[in-house]
Amino acid sequence: MAGGMNKRGNFGSMADRVARSNQREATAPVPQMKHCWVTDRNGRLPGLLLEWKRGAAGFHGRVLHAVLDQGEWLVVEEWIPAELLEPAAET
């Protein structure tokens, strides 16, 4: 194969490309996730709040939480009205 692994082209050496890649990852903002309680037909269960959005019907939180489906627990991600969410105590 012409050039092989030593071909640098316009992108620089492999070490340069890896260094630039690591630099971009280090500066990317980390989303703030918070523990919360979700109240639904299964009762009050723990969840992980990923983000908020405001719509015509008010605020909704995007949450990862467990739901009981035909006798099995599943983890789902969904938008839930703010009225069904409450913050978990910080420890």
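Q: What percentage of the 91 residues in the protein chain is buried?
A: The model is a predicted one, in which local features need pLDDT of at least 70 and side-chain atom pairs count only at pLDDT 80 or more, while totals for chains, interfaces and linings use all residues. Residues are numbered from 1 along each chain as its sequence is written, and side-chain values use heavy atoms, with hydrogens and water left out. Taking buried as under 20% relative accessible area (1.4 Å probe, protein chains only), the buried share of the 91 residues in the protein chain is 16%.

Q: How many bridges join strand β1 to strand β2?
A: Two strands count as paired if DSSP finds at least two bridges between them. Strand β1 (residues 34-40) and strand β2 (residues 43-55) run antiparallel, and a hairpin of two residues connects β1 to β2. Within this pair C36 lies opposite G47 of β2, and the number of bridges joining β1 to β2 is seven.

Q: Which residue in β5 is the bridge partner of C36?
A: Strand β1 also pairs with strand β5 (residues 85-87), antiparallel and through three bridges. On the β5 side, the bridge partner of C36 is P87.

Technical notes: Helices (H or I, at least four residues) and strands (E, at least two) are DSSP runs, numbered from the N terminus. Buried means under 20% relative accessible area, exposed over 50%, partly exposed in between (1.4 Å probe, protein chains only).
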